[in-house]
Every structure is written in structure tokens, then in C-alpha cells.
Amino acid sequence: TMSMGVLFRLSDHLTTVVALEKDIRYSASIQFGIEYYYREKLYFRGGFSTNPNSFSVGIGYLFANFKTNIAFYTQPILGTTPQMDINYYFNKASVAN
């Protein structure tokens, strides 16, 4: 699989990304995502991709050295799939990255 993408920082709080992914066995997929950063603690995310057509939405929260994310991903074969992660950062400076 080969992927190439471009990230656009539209403001201090809004980021978008556009990517193209190609697997040797399948047609190319175009992916688009957007993230809104609210009040230094909360992230709202959404995105979609083609081939297969899918949609995702999620939210992230920062607290001290912890970062957690919850997302829902939909696609034609699997339906809606929930995802969750919890991360701990030993170096507090890397939490916001």
C-alpha cells in the first residue's frame, strides 16, 4: 500500500488533511479529514474516504498527561465500528502533539 497526503492548518484550531491511498489489489482511495481543537482540551474529528465509501466521527480529550479518543467508523461491509484509546505521556510536552 502506498499513501500520500497533505495537511492544511487553516487556523490555530482547525486542521484538514487530504490523502490518496493505493493498494496494488484495489482501486485508489481518496481520504479527507477535519479536526477542530476547542479550548486546549477537546478535539472534534470527522472524515470520509472512497473505495469503499466510509465515514468516521470522533472526539478526543486531553487531561494532564492523558489523552483519550472515541470514534465511530462506518463502512458497507462491517457497518458501524466503535474505537477507543487511552494514552499516557511521560513527557507532558508531547501530549498536545
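**Second largest pocket.** I am working on a predicted model. I looked up the second largest pocket, which holds about 250 Å³ of space. Its lining has 15 residues, and the closest to the pocket centre are E21, Y26, S29, N51 and P52. I then checked which elements give two or more residues to this lining, and found β2 and β3. By class, I noted four nonpolar, eight polar and three charged residues in the lining of the second largest pocket.

**Largest pocket.** I went on to the largest pocket and read a volume of about 490 Å³. This pocket is lined by 32 residues, with I34, E35, Y43, R45 and G46 closest to its centre. Which elements give two or more residues to the lining? I listed β1 (2-9), β2 (14-22), β3 (29-38), β4 (42-49), β5 (54-63) and β6. Strand β6 provides the largest share of this lining, six residues. I sorted the lining of the largest pocket by class: 15 nonpolar, 12 polar and five charged residues.

**N69.** I stayed with β6, residues 66-75, and picked N69 in this strand. Is N69 buried or exposed? I read 14% relative accessibility for N69, so this residue counts as buried; the cut-off for buried is under 20%. Next I looked up its side chain. The side chain of N69 makes a polar contact with the side chain of R45, at 2.7 Å. R45 had already come up among the residues closest to the centre of the largest pocket. Leaving aside neighbours within four places in sequence, I found N69 in contact with R45, I59, G60, Q83, M84, D85 and N87.

Definitions and conventions
Residues are numbered from 1 along each chain as its sequence is written. This is a predicted model: local features need pLDDT of at least 70, side-chain atom pairs count only at pLDDT 80 or more; totals for chains, interfaces and linings use all residues. Side-chain values use heavy atoms; hydrogens and water are left out. Helices (H or I, at least four residues) and strands (E, at least two) are DSSP runs, numbered from the N terminus. Buried means under 20% relative accessible area, exposed over 50%, partly exposed in between (1.4 Å probe, protein chains only). A polar contact is a pair of N or O atoms within 3.5 Å; within protein, one must be able to donate a hydrogen and the other to accept it, and residues adjacent in sequence count only if both atoms are side-chain atoms. Contact means heavy atoms within 4.5 Å. On a 1 Å grid over the protein atoms alone, a cavity is a set of points where a 1.4 Å probe fits but cannot get out, and a pocket is an open set with protein on both sides within 12 Å along at least five of seven lines; lining residues have an atom within 4 Å of a point. Grid points are joined across faces, edges and corners, and a volume is the space filled by probe spheres set on the points. Ala, Val, Leu, Ile, Met, Phe, Trp, Tyr, Cys and Pro count as nonpolar, Asp, Glu, Lys and Arg as charged, and the others, Gly among them, as polar.
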